[in-house]
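Biologist: Please show me the model. I would like to ask about its helices and strands.

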There are 2 protein chains.
Amino acid sequence: MLTKKSSYVVAVVGANGIVGKEMLEILEERNFPVSELVPLASERSAGERVTFRDKSWVVKKLSKDSFTGVDLALFSAGAERSLEFAPSAVTSGAVVIDNSSAFRMAPGVPLVVPEINAHAVAGHAGIIANPNCSTIGMVMVLKPIHDAVRIKRIVVTTFQSVSGTGKEAIDELAGQTVALLNFREIETKVYPHQIAFNCLPHIDAFLENGYTKEEMKMVNETRKILEDESIGVTATTVRVPVFRCHSEAVNIETGRKISANEVRAILSSAPGVLVYDDPKKNLYPLAIDTTGKDDVYVGRIREDESIPNGINLWVVSDNLRKGAALNAVQIAELLIQ
Amino acid sequence: MLTKKSSYVVAVVGANGIVGKEMLEILEERNFPVSELVPLASERSAGERVTFRDKSWVVKKLSKDSFTGVDLALFSAGAERSLEFAPSAVTSGAVVIDNSSAFRMAPGVPLVVPEINAHAVAGHAGIIANPNCSTIGMVMVLKPIHDAVRIKRIVVTTFQSVSGTGKEAIDELAGQTVALLNFREIETKVYPHQIAFNCLPHIDAFLENGYTKEEMKMVNETRKILEDESIGVTATTVRVPVFRCHSEAVNIETGRKISANEVRAILSSAPGVLVYDDPKKNLYPLAIDTTGKDDVYVGRIREDESIPNGINLWVVSDNLRKGAALNAVQIAELLIQ
């Protein structure tokens, strides 16, 4: 458990990664009480520098001894590193907020979106998991509807940006795009196929059931966060040639009829959600507009006429902020309340 | 009705458009018996030249008198021009195959995908409609499944390329991409928002019910082609920064249980459909691989675990070929059989 103090020693694991840097920015932006920053990374990136509160900090090499004196450790360096080092952080007395998929579905590990299930934090035993980026955007919008009319089933198709994969993927999209526009051969390192001017129905590894891990994260994490195993969820997750923000076409079937206007009204008062829905003025959420925004944007709200109680929505959120770093810092804020 | 001859006078309206050119290519490729080509276009494009069978043809200005002596008129110059000129073509004795949305839902106008409802051609009264590009890809894959286990409901989300909009849209995507990579301001003329590195949940005009016309085309045309008004269809159609080919995430609920393997078996023998589904080898349909192909590619076939009888599929087809020009020429082939 975190002892209440006026300020905290905060470690960021993966500090010079794309999410790590966003975490530093958000800790600063929101004036999180950091007495000392401990930026950590694997050997490859140790020695690099990051900026926090106008000061340059050297990133130190992550080891099992890195966490002595650390109060809070924000992990965003992939599931393998979380599995290896998060237990040491806990043993050292730190509370871990883990952005990887390593512990999300583990019993006893709270999976938290503060606007939705802040109460779950109380049950932690040292590790709190940050949900998958595409799941966070979706549940932010669905929870208020679930509370009102119960959601029975979700069919979701995602349009996920390359920043969800990391820095190398951003370079790959930019590099391939330049190559193609100059009639040069493209290089393919991060993704199995060309991502420039193409859509890949493949995010994370394939499982025996034909789904990807990313798709099953949306199924399992949604049920855990909404605390309702009865919700049917099926997902198709697709990587698109967009740099930042994930868009999602979400179709839901509800327990009782709800109109599009009622959905708009409910979501208008939902914390962290912005209804952006005026198609006659060509206003609907767009990845390019949502970049750097904290809110999850929702639009194209309309009744699905193929079933008695259906609604379609278009959800866009910044995968690096609410989908990752912001949500992690919000969890940290819950812990120090 | 078309009088059987050894070869035909064929008019192509919109001959120097992106679909018109593809029509000329396919007529040539498939050795359609053309005795004389009559390339037509609006004033703006008349006078330009097109190539057909190694010969250069001057595009003539479309008028109500353009169709004297024409046996077959392939229209692909937008709904307004079809509405204005297709009736004159019919009066002149031509049979019209119209790629626009002008007559698709008109009673008495067959809406034809030759592999699916070739029989419907027989009922025509001078005009046969070519379905919407995203609808053709989907029904090509769904019809064999519908025949086997009846499809009750379809939830479809599309990833549509800019070539569906026309030449100017291809230029807009390329131009915006170059501008952004050079940190210059972008120009937006064809689409209401930036399309480069972005996804627009907006294709064609918005209707009163909150859906776009493109979305309602998928609903209404699917039912008409499958000749089953009981099928529930709901669609979200999205423009993505891809030059050619439309991808679609299709979720279906069937009348009785069907396994993913049974779907693969059924689709493996479906004409015009190619099952391309080996995720363990990273093989699934991709827009860049389907360009220039006649077949509709289908992969990511998997059981939807959120309902008892559900299947997810990923469908990709060349919107300019099977989605437009090829299907139109196939209809012409039916007429001269």
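Biologist: Across which strands of chain B does helix α9 lie, and at what angle does it run to β7(B)?

Modeller: Helices (H or I, at least four residues) and strands (E, at least two) are DSSP runs, numbered from the N terminus. Helix α9 of chain B covers residues 321–336. Contact means heavy atoms within 4.5 Å. Axes are lines fitted to C-alpha atoms, for helices over the stretch in contact, with angles from 0 to 180 degrees between N-to-C directions; α9 of chain B lies across β1, β6, β7 and β8 of chain B, at about 155° to β7(B).

Biologist: How trustworthy is the numbering, and what kind of model is this?

Modeller: Residues count from 1 along each chain as written, chains are lettered from A and ligands numbered from 1 in written order. Side-chain values use heavy atoms, without hydrogens and water, and local features need pLDDT of at least 70, side-chain atom pairs 80 or more, while totals for chains, interfaces and linings use all residues, as this is a predicted model.

Biologist: In what order do the six strands of the open sheet stand?

Modeller: Two strands pair if DSSP finds at least two bridges between them. The pairing here is parallel. The edge strands, β5 and β8 of chain B, each pair on one side only. The order is β5-β2-β1-β6-β7-β8.

Biologist: Where in α2(B) does the kink lie?

Modeller: The bend at a residue is the angle between axes fitted to the seven residues ending there and the seven starting there. The kink is about 35°, shortly before the proline B:P87. It lies at B:F85.
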